Amino acid sequence: MVGTDGALPLPWLGGWLESALRTQRGHAVLIHGPQGIGQWQLSLTLAQAWLCDAAVGARRPCGTCASCRLVQARSHPDLLVLLPEALQGPLGWTVGDEAEAPESGSRTRQPSKEIKVEAVRAAVAFAQTTPARDAGKVVVLHPAERMNGISANALLKTLEEPAGTARFILSSSAPQSLLPTIRSRCQALGLPLPDPTEATAWLAGQGVASPEIVLAAAGGQPLDALDWVREGLDATLWARLPAIVAQGDAAPLTGWPIVRVVDALQKLCHDLLRVSVGATPRFFPAGSVTARAGTAPISQWSRELLRAARQAEHPLNAGLMIEALVSRARLALKSGQGR
Ligand SMILES: [Zn+2]
């Protein structure tokens with residue numbers, strides 16, 4: 001969302017926003033692309049632009065009109081945001097579904113990762129009522145793949161037969177997992193990875209050291225890179241990681257969330273394959289990854305990592321799993337050097 005200074009929340013959103021505003025037709029947009037590049041920020045900024053009071057032809061969102069200020073205060077009467085409970089804290093946007101009491105006896109339950117059907121039904125009802133201001137109503141739904149089948153079907157009817165002036169912004173990093181009928185009712189807006197120069201400069205502005213290394217580690221996804229830095233990634237460790245793993249040393253990784261460890265090893269495996277066929281590494285600095293063998297042992301390791309990735313969400317013992325993963329990685333790296 002654009003603040004009163006008129007600055008975009010992320011510097012690379014400008015082109016995307018301009019393209020979304022210029023090409024908009026219909027009443028529903030599906031923003032899709034890689035995770036960690038700013039889909040949420042774009043969704044909210046686009047909603048703010050649609051609701052902005054600035055004259056046609058002026059820069060939208062202006063950041064200073066009454067509508068923009070209501071969006072900034074998260075209290076615009078014509079804007080409804082649907083987020084899974086688990087994302088509301090991290091994104092700083094409370095949806096206010098406290099009315100949904102936790103099931104009895106589950107006081108310690110985890111926040112839900114789903115967009116629930118009750119919330120979607122409330123959004124459908126919201127879309128059908130008369131807007132309080134002039135620009136119609138906007139519903140933001142992020143991320144759309146967090147709707148289960150029931151929720152998606154509840155939304156579908158409204159997308160098929162839009163009521164009044166309501167417009168919908170759905171965002172997704174897994175559009176293939178949405179109902180095809182949902183996808184076909186939305187105008188698709190595909191987002192590429194941000195320009196690395198802009199993304200690197202932004203990361204540096206967030207206080208990240210060696211941002212180009214961290215950005216590559218996160219596959220060019222700058223918001224993911226920043227999250228990872230906050231979880232313990234630093235550029236020096238990343239550049240040394242292939243050597244550390246080759247020695248079977250799991251200690252530097254034990255503080256990381258296990259999904260990050262599996263992700264890092266998958267990236268190492270990917271780069272080993274690239275190097276073994278003469279390409280440059282994608283995630284690790286050039287020269288930090290060396291492979292001297294055929295691709296068969298690395299491919300075998302890659303398949304094992306895929307299985308590990310499926311278990312990583314619910315490890316029985318994270319410490320043991322990390323040690324086992326590193327020990328297996330050491331074997332794969334050694335098999336590469338022995339031939
Ligand atoms: Zn405005």
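Author: Here is a walk that starts at the metal site and then moves out through the helices and loops.

A word on the ground rules first: this is a predicted model, so local features need pLDDT of at least 70, side-chain atom pairs count only at pLDDT 80 or more, and totals for chains, interfaces and linings use all residues. Residues are numbered from 1 along each chain as its sequence is written, and side-chain values use heavy atoms, with hydrogens and water left out.

Now the zinc ion. Cys52, Cys62, Cys65 and Cys68 coordinate the zinc ion, each through SG, at 2.3 to 2.4 Å. Donors here are N, O and S atoms within 2.8 Å of the metal (3.2 Å for Na, K and Ca), and since water is not among the atoms, sites may look incomplete. Along the sequence, the donor residues follow the spacing C-x9-C-x2-C-x2-C. The geometry is tetrahedral, because the four donor atoms subtend angles of 104 to 115 degrees around the zinc ion. For the label, four donors count as tetrahedral if all angles lie between 85 and 135 degrees; four count as square planar and six as octahedral if opposite donors are over 155 degrees apart and all others between 65 and 115, and anything else is irregular. Buried means under 20% relative accessible area, exposed over 50%, and partly exposed in between, using a 1.4 Å probe and protein chains only.

Pro61 sits in the loop between α2 and α3 (66-72), and the peptide bond from Arg60 to Pro61 is cis, with omega near -5 degrees. Helices (H or I, at least four residues) and strands (E, at least two) are DSSP runs, numbered from the N terminus. Arg74 is in the loop between α3 and β2 (79-82), and has a positive phi near 55 degrees despite not being a glycine. With a relative accessible area of 41%, Arg74 is partly exposed.

Next, a helix pair. Helix α5 (residues 117-128) packs against helix α6 (residues 149-160) at an angle of about 10 degrees, with the axes 8 Å apart. The axes are lines fitted to C-alpha atoms, for helices over the stretch in contact, and angles run from 0 to 180 degrees between N-to-C directions. That makes α5 and α6 roughly parallel to each other; the label covers angles under 35 degrees, while over 145 is roughly antiparallel, 65 to 115 roughly perpendicular and the rest oblique. From α5 come Val117, Val120, Arg121 and Val124, which meet Ile150, Ser151, Ala154, Leu155 and Thr158 of α6. By class, that contact has six nonpolar, two polar and one charged residues. Ala, Val, Leu, Ile, Met, Phe, Trp, Tyr, Cys and Pro count as nonpolar, Asp, Glu, Lys and Arg as charged, and the others, Gly among them, as polar.

Ala123 is also in α5, and is buried at 1% relative accessibility. Setting aside neighbours within four places in sequence, Ala123 is in contact (heavy atoms within 4.5 Å) with Leu80, Leu82 and Val139. Between Ala123 and Leu82 there are 7.9 Å, C-alpha to C-alpha, though they are 41 residues apart in sequence. Another cis peptide bond joins His142 and Pro143, with omega about -15 degrees, and Pro143 lies in the loop between β3 (138-141) and α6.

Further along, Leu191 is in the loop between β5 (187-190) and α8, and counts as buried at 7% relative accessibility. Leu191 and Pro34 are 157 residues apart in sequence but 7.5 Å apart in space, C-alpha to C-alpha. Beyond four places in sequence, the contacts of Leu191 include Trp16, Ile31, His32 and Leu42.

In helix α10 (residues 222-230), the buried residues are Pro222, Leu223, Asp224, Ala225, Leu226 and Trp228. Their cover includes α2 (39-51), α8 (196-205), α9 (211-217), α11 (235-246) and α12 (258-276). Just after α10, Gly232 takes a positive phi of about 120 degrees.

As for the whole chain, there are 14 helices and five strands, and 45% of the 339 residues count as buried. Residues 24 or more positions apart account for 71% of the contacts with a separation of 6 or more.
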